[in-house]
Amino acid sequence: MRRARYLVAEGTEGVGKTTLCDILAARLMERGIEVVRVREPGGTPLGEAVREVLLHGGEMSDWSEALLFAAQRAELAERVVRPALANGKWVLSDRCYYSSLAYQGYARRLGVGRVWSVNRPALGETLPDLVVWMDMDAGAALARQQGRDRIGAADIAWHREVWKGYRSLWTSDRGRMMRVDAAAPTERIGERLVSVLEKRGWLRDC
């Protein structure tokens with residue numbers, strides 16, 4: 001029996017993560033795979049309430065931000081991701097804990113290891129099978145974004161630090177993390193991903 005997979009699109013603001021998830025979900029469903037779509041922050045009633053605070057609320061300390069992200073992620077893993085995978089459904093996520101490692105751990109200077117340490121206990125073994133880093137110049141990506149939230153409105157220098165965080169993560173974790181050029185047409189990126197999934201044998205018997 002084919003094992004369900006947990007796939008994540010990651011990257012700085014405006015790179016096209018949601019669009020890529022839309023395309024990949026359609027390709028998987030064409031093959032008869034049940035897909036559950038989630039996003040971070042969000043994906044549960046609690047997560048959506050936290051999302052509103054994180055993206056549209058007032059100022060907060062860096063650690064408050066990091067812990068709120070971790071809290072909504074714990075709820076999502078417990079209420080949605082683990083049950084979906086256990087029932088044979090693939091999970092496609094717009095962001096995961098890699099965002100916290102890049103944004104809060106690296107760019108906010110809280111420490112990648114320290115941020116991971118507050119996320120890991122709740123996640124347990126519920127970790128992505130593949131994280132697709134959509135790599136693009138932070139300035140070019142921000143220019144494509146429609147509407148800026150609290151985090152997206154930060155200055156370009158900070159967003160470039162986030163990009164450096166992703167680059168550092170990719171350099172150290174290429175077994176789980178795959179880099180794609182987000183400037184390429186998203187349809188083409190989706191086709192490449194399907195090819196990668198086929199080569200890994202994850203789509204066998206579809």
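Lys and Arg count here as positive and Asp and Glu as negative, with His and the chain ends not counted. The model is predicted: local features need pLDDT of at least 70, side-chain atom pairs count only at pLDDT 80 or more, and totals for chains, interfaces and linings use all residues. Residues are numbered from 1 along each chain as its sequence is written, and side-chain values use heavy atoms, leaving out hydrogens and water.

**View 1. Charged side chains of the protein chain.** There are 32 positive and 27 negative side chains, and the centres of the two sets lie 4 Å apart. Each charge is placed at NZ of Lys, CZ of Arg, CG of Asp or CD of Glu.

**View 2. Order of helices and strands.** The protein chain has eight helices and five strands. Their order from the N terminus is β-α-β-α-α-β-α-α-β-α-α-β-α. Helices (H or I, at least four residues) and strands (E, at least two) are DSSP runs, numbered from the N terminus.

**View 3. Burial in the protein chain.** Of its 206 residues, 49% count as buried, meaning under 20% relative accessible area with a 1.4 Å probe, protein chains only.

**View 4. Surroundings of Pro-128.** Pro-128 sits in the loop between α5 (112-123) and β4 (130-135). Pro-128 counts as buried because its relative accessibility is 1%. Beyond its neighbours within four places in sequence, Pro-128 is in contact with Tyr-6, Val-8, Cys-96, Tyr-97 and Arg-176; contact means heavy atoms within 4.5 Å.

**View 5. Pro-128 and Leu-55.** The two residues are 73 residues apart in sequence, and their C-alpha atoms are 24 Å apart in space.

Notes
Buried means under 20% relative accessible area, exposed over 50%, partly exposed in between (1.4 Å probe, protein chains only).
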